[in-house]
Amino acid sequence: MKKLFLFIAALLSVGTASAEPEIHLQWAPAQVVHLQALIDNMPAEGLVDCKVSSRFDINDADAATAAAKQLAHAYLDGCLKGLDRARWHIKSRDHLIDNDKLIKLALSRNELGPLFEAYKPQNPHYQALRKALAVETDPQKRAIIALNMERWRWMPLYLGESYLIVNAASFEVTLWKQHEKIGSWPVIVGKTKTPTPVFDAKVSGVILNPWWEIPSSIVAEGIGAMVRNRPATARRKGYVFQNGRYRQRPGPGNALGLMKLIMPNSYSVYLHDTSNRKLFANDIRAYSHGCVRVGEAIGFAKTLLASDHSGEAIDEILDAGDTKTLNMTESIPIYIAYFTAEGTDNAGVIFHPDIYRRDASAR
């Protein structure tokens, strides 16, 4: 919401909410015409499934206001409520935005266009999808582009100064700062039977040489039986049973590899290294139980920790083999998402395999 906040500040030119003047709602005829043009332009934003009133008289301020609020809600939250939306667990506070106040402010400053521009997702990938929709003629591709524009509207409007996005469909994690991509790394995501969930969390640091706290579902697949029945094999692989739980010691064979992000969440899904790096050579990388394995994981960790810890210090810890937590001064949000059409660095669009078969269930 930062751009929206900046827009509000520019309109008000005041420092506190208590100093805000009372603004009376008035629609000039040209503003009503502008609103009608925005409504007519909804297909260009992929909003063909939205219901926004377009029947209002140029002198009917109440009807125009109602339509403007409907349009604002469509820009901020989209319109599709299918099964794919039910699986989308990325939290947003966009519903707290006071659209009544913003519309009044926009009208008083004749800034209706900038307001609705500020309502749009600001990441360049959304802009690329919008441009692609304008020129794409294939109906199926148009539907996929529009759907992924909708998924961007399900994201928070303000993503953070810096943030991470994992796109399970593209098998990639990207780091962004002020909507500029800083870096990208390949990832392995969940199998179709154990898909990586869509959710958000905060990354506050990195654990180097981590222990693996083995989930009960994986214990049941054979590790538990190995520890009980073949203890020598289990010890060789680093598996132990301690304080009522199964764990794997740090080391070259550890399933988490050499690093794991600190990102508490209710799904017990994390970004981490892996001991099996050969799988990164494959184009389709859906092999995990749900967690996200990162290629070039140490370089990824060093990038995240660069403001707080030197690369040399990280190498020393890794060489020593001791488990150590390195915290970040400022945590950053991470969004585990699913985009089957995505913008590219040159403002084009690439289509990704719908590995979890979610596009059809979105509507």
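Modeller: Two strands are said to pair if DSSP finds at least two bridges between them. The strands themselves (E, at least two residues) and the helices (H or I, at least four residues) are DSSP runs, numbered from the N terminus. The model is predicted, so local features need pLDDT of at least 70 and side-chain atom pairs count only at pLDDT 80 or more, whereas totals for chains, interfaces and linings use all residues. Residues are numbered from 1 along each chain as its sequence is written, and side-chain values use heavy atoms, with hydrogens and water left out.

Strand β2 is joined by six bridges to strand β3 (residues 172–177), and the two run antiparallel. In this pairing, Ile-165 stands opposite Thr-174 of β3. Four residues separate β2 and β3, which form a hairpin; Phe-171, in the turn, has a positive phi of about 55°. Strand β2 also has four bridges to strand β13 (residues 324–337), with which it runs parallel.

The whole structure holds 14 of them. One of these joins Lys-120 to Glu-45, with the closest N and O atoms 2.8 Å apart. This pair links distant parts of the chain, 75 residues apart: Lys-120 is in the loop between α6 (112–119) and α7 (124–135), and Glu-45 in the loop between α2 (29–40) and α3 (61–77). Lys-120 is buried at 7% relative accessible area, and Glu-45 is buried at 1%. Both belong to a network of salt bridges that also includes Glu-117 and Arg-130.

Finally, a word on confidence: pLDDT is the predictor's confidence in each residue, from 0 to 100. Its mean over the chain is 90, and 93% of the residues reach 70 or more. Over residues 8–20, however, pLDDT stays under 50. Where pLDDT is low, the predicted coordinates should not be read in detail.

Note on methods:
Contact = heavy atoms within 4.5 Å. Salt bridge = Lys/Arg side-chain N within 4 Å of Asp/Glu carboxyl O. Buried < 20%, exposed > 50% of the residue type's maximum accessible area, 1.4 Å probe, protein only.
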